[in-house]
Number of protein chains: 2
Amino acid sequence: MGFSPRSGSQTDMDQFVRYAQAAERGKVQLLFIADTPVLDVDLDHHAPHHMVDPLLILTVLARETERIGLVTTASTTFTEPYNLARQFKALDVISHGRAGWNAVTTSDPAAAANFGATIPPRAEKYERAHEVIQIVQALWGSWEKDAWLLDVNGKRFADMDKIQPVNLQGKHTASRGPLPIPPSEQGQPVIFQAGGGSYGLELAGRYASGVYANPYTIEDAQTQRQVLGDAAKRAGRDPDEVKMLAGFMPTIAPSRQAALQRRRFLDEVVDLNQRVRYLGAMIGLPLGPAQLDEPLTADQLADAKPSPHDPRSDRALAVAREGWTLRDVLAHGVIDYHPVVAGTATDVADHMQQWFEAGACDGYSIAVDSYHDGFVDQVVPILQERGLFHDDYEGPTLRENLGAHEQYGLDPRLTTPARQ
Amino acid sequence: MGFSPRSGSQTDMDQFVRYAQAAERGKVQLLFIADTPVLDVDLDHHAPHHMVDPLLILTVLARETERIGLVTTASTTFTEPYNLARQFKALDVISHGRAGWNAVTTSDPAAAANFGATIPPRAEKYERAHEVIQIVQALWGSWEKDAWLLDVNGKRFADMDKIQPVNLQGKHTASRGPLPIPPSEQGQPVIFQAGGGSYGLELAGRYASGVYANPYTIEDAQTQRQVLGDAAKRAGRDPDEVKMLAGFMPTIAPSRQAALQRRRFLDEVVDLNQRVRYLGAMIGLPLGPAQLDEPLTADQLADAKPSPHDPRSDRALAVAREGWTLRDVLAHGVIDYHPVVAGTATDVADHMQQWFEAGACDGYSIAVDSYHDGFVDQVVPILQERGLFHDDYEGPTLRENLGAHEQYGLDPRLTTPARQ
């Protein structure tokens, strides 16, 4: 189970620390900070995200937490593999084996422009992503595990015979190595992946120990998990090595009404006029802000038709049929990026149990609203009581707590890339 | 005055923290971590350096210190300006205005190979360096100082009219921007420069507030400082805006004999056989390890001749003439990278006063050996008593404590680079 923090001020490290410490109190396996190298929200109307470099935030958290995993996104498209390898390995050493890298390609032309570039064609972008991940993993393994002696009195710091260049040359990028950093307590950082499509799936199947997925329904999730397992098999791996983490946004309150009120408050920082129009498009009606505090009329309900282009449309219409005002329909999270449960701690735990027992996911990526203590103090104990969640961390490293397979350097089961 | 830390284990953040806290107790203005993106020492025989990414180390220190400036090197040759700008600005925000960037080009072919590249011709490398620094500074200034509103209740996080792309296009690199990070308490990080030559000097003259210099004598230092001031003038700046920090390696002990013994101990971790041969080359004699514990013979002294190719040769011969064994001649630091004073706290303070009053430097970059507490507790009080060093920090930011000029975004006195 992983938490994705939200913070009112993205520049206040104390908020991130409080958040991480709360998650750790709840034995949450990892904290994940999404990232993209561009200012991609209109700060006139939207809360900021992706501001301070996430590797630096996680470095802060590494020193002020002890067990929770620390995972963030970095682009394979616009960062040099040597720099990626060095910074993630440094975080892994500083956190004593708790770092993870969500290796993703970048698609936003505005992000490319920040590097004076354009987005390459999809096939080329993923070809580079394979090279970058392989070079990074090879650099991580460029010290044999027992190379680091640190025998200051005997004047031998390392056995240089056990520290070798990687000499990898791809079509798009290359690196000689070695990296100047010894292994961490978990050897090297754990790889995550996000974003679907056949290219993304192949990447996940080959390298990832955890995958961020965005299913809206149990059926959708079961299919995604099956397809992901097949991709792992094609790469010669055991499907169990790749954990699918389903995105999930709970809002916890003493009652469903109170939870909806809480979500209405959160919705006030987003552009509701735009959202109500989008809701209309989802259910085939021309809706506008004037109707925000009214439910759908009988005539509208008769005309409504869920859009086949948005997997969330059926649920949106089902909630609207219950008679809620449009503001409250939206407060149910019907057009949010992940499934929303606005309810009691038991409602949230029930939803998680239902998905998990249906084999819809291996775990969750939970975007908790600012009331993260509620999740930790109310939902976690229920899950523990039901035997669905561990009572304590399995060990000090992310690899142990995620149940990820052992890996140091490149995966020997994969085709070795061309050496120079 | 700045400290450059040495650490037995470069992976132990607690050591760096203790070091930084000691320096801060001594009101040292800044901590500097040198870096180069390659494993460039033979760890079989030499203590490691440049291991963990220094931006991550400084992030750790930012949270565990309050006033000391945090400066590190990053290459303009092999890092994208957007990434540089974002990470240094992030450090500046996390440290509440204490970050500095030592902007240098990279010359080591092995470092280039880590990026699948070769070292470009000198002129091209510096042309890119100018572009990178200008793009980084422009990105830092891409938020007007009052753009950040953070009015969560009024639902306005920033005034987007005051956050604009920079749209800079150079010959070697480019960036659109804006950066997603608001100004820090000092606006933006302070620029440092290191490494001489006419190209490096022009870079320092145009952009730097602090310059790391490596003079061996007062005369050499005076000349370097004059030349640096002239470079600042040519760029339309006041020479006082560019502080020259002279490298200096003190070893402090109750007596000169005890200080030499301490240095002999430190020398044991280096390859003395190589050093004694190098000493021979400096003074025109074929010396070898067999003579390590003997002084030069009368015949050798008669034949000795300082090499004109090494500015340290005169002092090396002068120390040898005093009759020390070759091991002790080396312990005097005659072939170290910076001037060495091995003596009492008063000896060290005297040396610093002499250089400072001769106008040889504006401050020092002090590579203290592991006994940094000695410098803080013994030398600093003498310098304070003599009125040569401040009793406390001038303010919370590096810019204040260095006496650096105000700057936000590009320096308007410099020629504006071509916009897209």
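Trainee: Why are the side chains of B:Asp35 and A:Arg86 said to meet in a salt bridge?

Mentor: In this predicted model, the N to O distance between A:Arg86 and B:Asp35 is 2.7 Å. The cut-off for an Arg nitrogen and an Asp carboxyl oxygen is within 4 Å, so the pair qualifies. The count between chain A and chain B is six salt bridges.

Trainee: What makes A:Arg86 worth noting in the buried area too?

Mentor: Along with A:Leu56 and A:Arg63, A:Arg86 supplies 12% of the area that chain A buries against chain B, more than any other three residues. The two chains bury about 5600 Å² between them, with 61% on carbon and sulfur atoms.

Trainee: How do you know which element of chain A gives the most to the side touching chain B?

Mentor: By residues: α3(A) gives eight. Other elements that each supply at least two include α1 (13–25) and α2 (54–64).

Trainee: What classes of residue make up that side of chain A?

Mentor: There are 38 nonpolar, 15 polar and 14 charged residues.

Trainee: Which residues of domain 1 of chain A supply 60% of the area it buries against domain 2?

Mentor: A:Asn214, A:Tyr216 and A:Met249.

How values were computed
Residues numbered from 1 in each chain as written. Chains lettered and ligands numbered in written order. Predicted model: local features only at pLDDT ≥ 70, side-chain atom pairs only at ≥ 80, totals over all residues. Heavy atoms only, no water. Buried area = accessible area lost by both parts, 1.4 Å probe. Helix = DSSP H or I, 4+ residues; strand = E, 2+ residues; numbered from the N terminus. Nonpolar A, V, L, I, M, F, W, Y, C, P; charged D, E, K, R; others polar.
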